[in-house]
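These are my notebook entries from a reading of one structure. I record what I looked up, entry by entry.

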Amino acid sequence: MDWQSELSGSAVWLGQTLVWVCAVFALMFFGLVRWTDTGRKFWAISKPCLADTSLIKVVLMVVALIAFVLIEVRISVLNTFFYNGLYTSLQEMQPSAFWFFALINAALVGVKIIQEIIDILVGQVFEIRWLEKLNAVLLDRWLDNQNYYRISHNDDVPDNIDQRIEQDATAFITDTLEMVRGVLNSILSSIEFTLILWGLSGVLVIAGIEIPKAAVFLVYIFILLATAIAVWIGKPLIRLNFEKEHRHGDYRYALVRVRDHAESIAFYRGEGRERINLTAYFNAIISNRWAIIKRSLGLEGFNTGVTQFAMLLPIMIQAPRFFAGQIKLGDVHQTVQSFNRLMRALSFFRLFYEQFTLYQARVNRLYGFLNSLAQIDMVNQATTLADKSSQTQKHELVLQQFGLTTVSGGVLFAPIDLHLQAGDRLLIQGASGVGKTSLLRAMAGIYPLPTTGAMIISTGIKTWFVPQRGYVPQGSLRTVICYPNINADDKIISHWLGVLGLGSLSDKLDEVSAWQTKLTPGQVQRIGIIRVLLVRPDVVFLDEATSALDEANEQLAYELIGTHLPHAIVVSVGHRSGLAVHHNKTLHITA
């Protein structure tokens with residue numbers, strides 16, 4: 001082989017190799033997805049991203065990324081031949097040849113820079129497009145059918161869902177591209193530089209035994225043995241890196257809880273207890289980190305030793321032939337370049353092993369999250385309430401032998417028969433923990449477990465649920481009051497703020513602040529009542545929605561609902577005796 005034939009044949013090599021590599025890549029992808037556990041999980045995560053996506057665009061972008069890998073390998077191959085000529089011209093004292101090879105190497109550097117820039121750009125575009133799709137899939141699956149709520153009641157709740165959606169998804173895509181590029185580069189480099197070494201290698205005599213093409217055989221034996229040892233050393237890192245992500249997520253979540261419940265903790269003077277809890281979570285991180293360090297030190301030390309020794313090995317192999325005049329200085333340099341590139345290619349999995357263990361952990365976490373959501377969807381289908389098919393044109397809410405099941409398969413209370421018509425007010429009472437709120441959740445359609453009996457509800461009616469602890473979103477005060485998508489005029493909002501004793505907030509509708517910490521529980525509950533008055537639903541579920549208010553404001557809230565929503569069906573859960581006057585029906589639940 002010589003540099004002229006290699007340069008002139010580059011275009012043909014790129015075209016033919018691209019076809020073969022794409023074909024083999026498609027077959028390998030199919031095989032991994034079909035016959036390996038990680039491949040099946042990868043496809044379960046990635047397949048939904050292809051929905052509503054041009055398959056041709058995806059294929060073309062993947063082909064482009066593969067092509068850039070081929071171009072990089074080809075440039076590296078040409079680089080070894082040009083450096084061979086450069087060093088040979090130095091040895092033979094040929095200035096014109098030296099400057100020729102120096103200029104052609106400089107031109108090759110320019111091509112390499114352009115290739116690198118375009119490769120990075122295409123890779124980033126591919127990552128961003130994929131991340132947009134995957135993020136949409138994860139958010140849709142999490143938010144659809146109120147899975148974000150139902151998953152919290154699952155037997156096997158995935159930990160740190162926020163981390164899986166944001167951090168794991170991003171790292172999954174980045175690591176996938178790095179790994180695919182690395183594998184392709186390693187395979188192609190192994191083939192190309194093996195051929196170069198084969199042409200440069202000669203007979204090596206060891207202990208009186210002649211070994212033809214010794215450089216090729218030695219590098220393969222050396223690297224394969226080193227890879228096997230590295231895999232053995234680093235195998236425990238798979239489990240340790242999975243635990244690392246889990247423990248970091250737990251610590252972040254514990255810190256967020258302290259921030260979100262700062263006032264309650266301050267009232268209890270619970271700083272000491274929180275410090276103990278946070279320290280325990282942090283110590284778990286440190287313990288895991290020490291375990292990773294112990295394994296990583298052995299792995300890194302071994303990899304460093306292999307890398308340093310490999311820098312000397314090709315020179316030692318070719319030195320006898322150089323001193324015997326069988327090869328030139330350029331051949332020795334090309335041998336060193338090819339040997340090190342081949343070693344790097346064969347060492348890909350050895351050097352990438354630790355990162356691959358982390359990649360597997362992320363794949364498992366994302367797959368576990370999606371699998372949990374799939375199980376919830378199956379439960380949702382199996383527990384669809386009868387009211388979905390049992391509907392009526394009348395403005396009414398009917399329960400027939402309606403009951404709730406528990407996780408263990410039991411029932412919370414005796415079956416309930418109930419008939420509510422327009423304007424009815426039902427007060428549900430009973431001892432704490434008997435299932436009042438759960439009944440309200442079931443009537444609102446968000447109970448996460450199977451129900452018994454039937455619920456008949458009017459078609460096309462608007463329902464509204466007001467929990468005891470109202471949700472305060474991020475954003476302006478107007479966003480808080482109009483959550484999630486209430487359309488209301490500022491004058492109307494200001495009017496109701498004044499009526500409910502929150503007139504001081506009327507001039508702060510555009511103020512963006514941490515309202516979840518600024519508003520008191522009583523103010524949040526009054527905003528919940530304002531939402532009801534703005535929405536004007538046909539059925540209102542109030543789950544101790546006025547428990548933080550004094551009796552005067554509680555009476556005012558119910559009077560406003562009664563006056564402005566006279567035909568609405570109101571279902572309340574509450575303990576105060578004063579609520580009875582605002583309801584014409586009462587349901588006492590007993591265990």
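Which residues is L505 in contact with, leaving aside its neighbours within four places in sequence? I looked this up in the model, which is a predicted one. The contacts of L505 beyond those neighbours are L477, L497, W515 and L519.

Entry: I placed L505 in the loop that runs between helix 16 (490-499) and helix 17 (515-518). Its relative accessibility is 7%, and L505 therefore counts as buried, the cut-off being under 20%. I also checked S494, which is 11 residues away from L505 along the chain; the two C-alpha atoms are separated by 8.1 Å.

**Entry: a cis peptide bond.** I found that the bond from Y483 to P484 is cis, and its omega is near 0°. P484 belongs to the loop between helix 15 (477-481) and helix 16.

**Entry: the annotated spans.** I consulted the UniProt record, an unreviewed entry, for the annotation "transmembrane region". The record places it on residues 12-33, 54-77, 97-114, 187-209 and 215-234. I then examined two of these spans in the model. Residues 54-77 are 96% helix and 0% strand, with end C-alpha atoms 35 Å apart. Residues 97-114 are 100% helix and 0% strand, and their end C-alpha atoms lie 26 Å apart.

**Entry: helix lengths.** How far apart are the end C-alpha atoms of helix 4 (residues 55-91)? I noted 55 Å for its 37 residues; at 1.5 Å a residue the helix should span 54 Å, so the two values agree. Just after helix 4, M93 takes a positive phi of about 55°.

Helix 8 (residues 214-234) has 21 residues and reaches 30 Å from first to last C-alpha, close to the expected 30 Å. I listed its buried residues, among them V216, V219, I223, T227 and I233.

Helix 12 (residues 329-346) reaches 25 Å with its 18 residues, close to the 26 Å expected. I recorded helix 12 as mostly covered, since 13 of its 18 residues are buried.

**Entry: two helix pairs.** I began with helix 2 (residues 10-35) and helix 3 (residues 37-46), which pack at an angle of about 100° with axes 5 Å apart. That angle makes the two helices roughly perpendicular. On the helix 2 side I noted F29, L32, V33, R34 and W35, which meet D37, G39, R40, F42 and W43 in helix 3. The residues of this contact comprise six nonpolar, one polar and three charged.

Are helix 18 and helix 19 roughly parallel or roughly perpendicular to each other? Helix 18 (residues 521-535) and helix 19 (residues 551-564) pack at about 5°, with their axes 10 Å apart. They are therefore roughly parallel. R526, I529, V532 and L533 in helix 18 meet N553, A557, L560, I561 and H564 in helix 19. I counted six nonpolar residues in this contact, together with two polar and one charged.

**Entry: positive phi values.** I looked up Q401, which is not a glycine and yet has a positive phi of about 50°. Q401 sits in strand 4 (residues 396-404).

I located E544 in the loop between strand 9 (539-543) and helix 19. Is E544 buried or exposed? Its relative accessibility is 18%, so E544 counts as buried.

Technical notes. Residues numbered from 1 in each chain as written. Predicted model: local features only at pLDDT ≥ 70, side-chain atom pairs only at ≥ 80, totals over all residues. Heavy atoms only, no water. Axes fitted to C-alpha atoms, helices over the stretch in contact; angles between N-to-C directions. Helix = DSSP H or I, 4+ residues; strand = E, 2+ residues; numbered from the N terminus. Parallel < 35°, antiparallel > 145°, perpendicular 65-115°, else oblique. Contact = heavy atoms within 4.5 Å. Nonpolar A, V, L, I, M, F, W, Y, C, P; charged D, E, K, R; others polar. Expected span 1.5 Å × (residues − 1). Buried < 20%, exposed > 50% of the residue type's maximum accessible area, 1.4 Å probe, protein only. UniProt positions renumbered as here; feature names shortened; annotations may be inferred.
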